[in-house]
Structure formats: C-alpha cells, structure tokens
Amino acid sequence: IPEDPATQGHGRPYRVVSLSRFDYQKNSVFLIKVLEELRRCGRMEDFRFEIIGDGVEKESIMRLSEERGVAASMRFIDATRTPHVHFAGAFCYFSSSRWEGMPLGVLEAMAHGLPPVASDVVGNRDAVIHAETGLLYPQGDAVAAAAALCSISDDAAKRKSLGEKARVFVRQQHDVRHMAEMLASILRNTARVVPPRE
C-alpha cells in the first residue's frame, strides 16, 4: 500500500483504468457495451477507457471496438509489471468480471485511492462495499454500469469520499503485513492445539 494516494483526474475526458487478461472471466468485451450506452446518453466523449493486459480475446475486442465505433474511447496497453503507474491521474477503476476470487486489481486500485466501479459478483462484493468504498452494478448491466460512472463523474465530493474510504478499507483489511500477522497467529494457535506425534 503506497504511502500517498494516486492523484485523481478531474477534467474530461475521465480516464477509467481496468486490468485484464482478456478472457471469458474478465469479460472485457463488456466495456464496449458500456461505451455504447454512454454514447446513447450523450456521454461517451466524457470517458476514456484504458485497458491494461494481454490475452486470447484482446485482438477480437480491439476489432469489435472499431466496428462498433467506440475505438477512439478505448486505449489498449500491453501487460506490465508496474500497472500501478497507470493509476496516477485516473478517474476510477472499472471491473467487468463475471466472477472473481480475490480481485487483486480492484484492491490495488483501492490502495491507491481510486474508487472502483465493479460488477456485483463473488470476489468483488467482498472487496467493495457499495456506496461506501466504491460502486457495484449488476453483472452484465451496461445501463447500470454507465449510470455508476456518470454518478461519480458528476459528483466530485462523492468520488473523493469513495476513494478515501477505499484506501482506508484496504489498509485495514488487506495490508500484506496485517495478513501475515493473522496467518502467523493462526499457525501459532494451530501448533498449540495439535498434539505432537509420538
């Protein structure tokens, strides 16, 4: 967890960051539907999606973004060992996953003070407290996802509050030092109750 939060972007177009493996689980093709919904609302020009990663579906998603006329609002960046550098100046983090285990991309963004807008699925809902540390939308609902993005773009105070509370939540619940201490405590307690072998 960094000592200082990333600086949040404030002006249009709002830069939305997402990390992806470009596979079925991560569901990055959904970003195209969200942009189409934003275009229908007259808001597509307000946002730029920055998707970082590689995977089997990347090329097809890039082609589809051209076909659907939303490519100008999407930037594809290759996988990197330092994804956090893309958080600086970003507006929020976006997760389109169909399911998650422990959503490390979401947690890392939260640790940097970025409010997440995430699909309401297993994993994400364990990391994001809706309307407190971020916003959850029904998985696959482009209308709701677009509305969530617009709601925090139109309310700077809400965006700032979500980002600050997200950072506090990760520091309290997911700091690696805290997790290591908890694991050590479990192991010590287990060693006390398990009788030694004879």
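## A cluster of rings

Phe30, Phe49, Phe94 and Tyr137 come together as one aromatic cluster. Rings of Phe, Tyr and Trp (its six-membered ring) pair if their centres lie within 6.5 Å; planes under 30 degrees apart are called stacked, over 60 edge-to-face, and the rest tilted. This is a predicted model, where local features need pLDDT of at least 70 and side-chain atom pairs count only at pLDDT 80 or more, while totals for chains, interfaces and linings use all residues. Residues are numbered from 1 along each chain as its sequence is written, and side-chain values use heavy atoms, with hydrogens and water left out.

## Two aromatic pairs to look for

How many aromatic pairs does the structure hold? There are nine. One of them joins Tyr14 and Phe91 in a tilted arrangement, 4.7 Å centre to centre with 35° between the planes. This pair links distant parts of the chain: Tyr14 belongs to strand β1 (residues 14–20), Phe91 to the loop between β3 (74–77) and β4 (92–95), and they are 77 residues apart. Helices (H or I, at least four residues) and strands (E, at least two) are DSSP runs, numbered from the N terminus. Both Tyr14 and Phe91 are buried. Here, buried means under 20% relative accessible area, exposed means over 50%, and partly exposed lies in between (1.4 Å probe, protein chains only).

Phe49 and Phe94 make an edge-to-face pair, with 5.8 Å centre to centre and 90° between the planes. This pair also links distant parts of the chain, with Phe49 in strand β2 (residues 47–53) and Phe94 in strand β4, 45 residues apart. Phe49 counts as buried because its relative accessibility is 1%, and Phe94 counts as buried because its value is 0%.

## A charge over a ring

Now find Arg98: its charged end sits over the ring of Tyr24, 3.9 Å from the ring centre. A charge sits over a ring if NZ of Lys or CZ of Arg is within 6 Å of the ring centre and within 35 degrees of the ring normal.

## A mostly covered helix

Helix α3 (residues 104–111) has six of its eight residues buried. These are Gly105, Val106, Leu107, Ala109, Met110 and Ala111. What do the buried residues of α3 pack against? Their partners are β1, β4, β5 (116–119), α4 (124–127) and α6 (156–173). Contact means heavy atoms within 4.5 Å. After α3 comes Gly113, with a positive phi near 85°.

Arg68 is found in the loop between α2 (58–67) and β3. Leaving aside residues up to four places away in sequence, Arg68 touches Ile32, Glu36 and Arg39. The C-alpha atoms of Arg68 and Glu36 are 8.0 Å apart, although 32 residues separate the two along the chain.

## Backbone details

Most residues other than glycine have a negative phi, and most peptide bonds are trans. Against that background, a few places are worth a look. Arg12 and Pro13 are joined by a cis peptide bond, with omega about -5°, and Pro13 lies in the segment before β1.

Phe22 has a positive phi near 50° and sits in the loop between β1 and α1 (30–40). Phe22 is buried, because its relative accessible area is 1%. Ala131 has a positive phi near 70°, and its place is in the loop between α4 and β6 (135–137). Ala131 is exposed, because its relative accessible area is 53%.
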